[in-house]
Amino acid sequence: RVLLPRSHAALVAVKSIPIDTDAKAKTEASVQRLSLLVDQAEELRRDMDARLHALREVRNLWAVAEGILGELMEVRVELEDSIERDKWQQAPVFPDSPQSMVASLPLSPSTIRPTERLNTLRERFMAQVQDASCNLPPLPPFLRQYVAQRIMDLSKTLEQIEDIDRLASNIRSQTVAMRDTKDEINELQSKIEDIRERYHSFYKDVLQGKHSQESIISMRVSLDRDANSYEDAGKILLGDMSRRVPFIARRPSQASTSPVRRRFSSAAKLDLMSLPQFLPIQPPLKPAHLDEAVRTECNALSLRLAGDISGLCRTSDHFRAVQEARSLDIRLDELSNYVQHSIDDLHTLDMSVANISNAEDPTEQLMLLVNNCNHLSKKNSQILAKELEAAKGHLSLLDDLQERSGTPFDEDLATSRKRALEVLEFRIDGWSTAIRSLLSRISEGQNEAKTLVHRERERL
């Protein structure tokens, strides 16, 4: 830069001096070559400055992108922990087990920090990476393509982690809905169990005859009103189950295997250069598997509640069987008393036969006893047969009612009453046999009396 201007000035001065023409030409050619080299050097310097400036801009852009990627990975870890903590935990629950009546534990406190951070990172990416990449100085094609590809990978990573954030939000909503639904079902089941106990106590009192007819009607109306309200609430719950609990997968799962959590190793070095081998970034679990677990739990809850509602209906319908059992008890008590009265009358007649056998002429008395025995046998046999047939009719109706309503309290109303009726029938048969035996004894006594009278007449 210093030598070239002086060389041009010296050439101008040399033109006025008479010197060798060849020397002057060589000097001018040397100066021109020097001028060309200076221009080339200047052009090379400007090109290097432009390249260095472009590389600095790319490095600045790369550093910002690396920072955004690092924060995205932190958010991803937070979201994975949140999903693992908030997802619905399927537990083995069996009907009527103590565990099934325990309310669900509350979820951990919600936080929107990952979503806020993702929104901030999205704004930074748009302003400091995507928009800035459009304003980069001219770059070599391969470098521009490489930078554009890495920016696209970072954009995909941001979108995929935003999808995981939405998945975490949906999982939490699903868990909240499942928890509320399960708690509501547990509460309703507790009420159903309570009213079934009230029915049981009421039926015991009815069987023991502790209530008047007016009291029975009043108490049954009150119990049926509560039972109907619980039944209606249960049916509404069952009908709304599919709408109450949201499912997060787009289509039902066809697999039955448990999902495996997929996470980056804590020792892995993740940067923009190694990012492509980790794409696409998958959620820590498969939504379809979680939906399958939730759907299984919903089905189990529905089956339990439907079973309780069905049991409550059978418990309510059991009232007719209880009424029939009470009517049969009254009929059996009356029949037992009448059987005992018939046995007492027969015993009285039997004692009379023993007293008459010592008389001198028992013929008339024996005839009177025969008439009394025949009258007792005819009258009481008809009454006992009629009462026995009526009791069997009550028992048959009780069997039919109990078959329809089942045995909601694990007690068979018909079996014990059937045994009691069999005992009474055995006593009636025994009484009939005793009547016939007594008539046979009286007949023998009459024959003996006739023989004695005939012998006495012959003697006279």
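Start by selecting H3 and H4: H3 passes H4 in a left-handed crossing, meaning that the near helix is turned anticlockwise from the far one by less than a right angle (clockwise would be right-handed). Helices here are DSSP runs of H or I with at least four residues, numbered from the N terminus.

Before you go on, know that this is a predicted model, where local features need pLDDT of at least 70 and side-chain atom pairs count only at pLDDT 80 or more, while totals for chains, interfaces and linings use all residues. Residues are numbered from 1 along each chain as its sequence is written, and side-chain values use heavy atoms, with hydrogens and water left out.

**Stop 1: the helix pair**

H3 covers residues 113-134, and its axis lies 11 Å from that of H4, at an angle of about 165°. Axes are lines fitted to C-alpha atoms over the stretch in contact, and angles run from 0 to 180 degrees between N-to-C directions. The two helices are therefore roughly antiparallel, a label for angles over 145 degrees.

Now show the side chains. On the H3 side, pick residues including Leu-118, Phe-125 and Val-129; on the H4 side, those in the contact include Ile-151, Leu-154 and Leu-158. Contact means heavy atoms within 4.5 Å. By class, the contact holds 8 nonpolar, 3 polar and 5 charged residues. Ala, Val, Leu, Ile, Met, Phe, Trp, Tyr, Cys and Pro count as nonpolar, Asp, Glu, Lys and Arg as charged, and the others, Gly among them, as polar.

**Stop 2: Ile-164**

Stay in H4 and click Ile-164. Is Ile-164 buried or exposed? It is buried, because its relative accessible area is 2%, and buried means under 20% (1.4 Å probe, protein chains only). Leaving out residues up to four places away in sequence, Ile-164 touches Arg-76, Leu-79 and Pro-283, among others.

**Stop 3**

Next, zoom in on Pro-280, in the loop between H5 and H6.

**Stop 4: the largest core**

Finally, select Leu-335 and Ile-442, which touch the most other members of the largest nonpolar core, a group of 55 residues. Such a core is a set of buried Ala, Val, Leu, Ile, Met, Phe, Trp, Tyr and Cys residues joined through side-chain atoms within 4.5 Å. Which helix gives the most to this core? H6 does, with 17 residues. Around Ile-442, look for contacts including Val-353, Leu-366 and Cys-373, setting aside neighbours within four places in sequence.

Technical notes: Buried means under 20% relative accessible area, exposed over 50%, partly exposed in between (1.4 Å probe, protein chains only). Angles under 35 degrees count as roughly parallel, over 145 as roughly antiparallel, 65 to 115 as roughly perpendicular and the rest as oblique.
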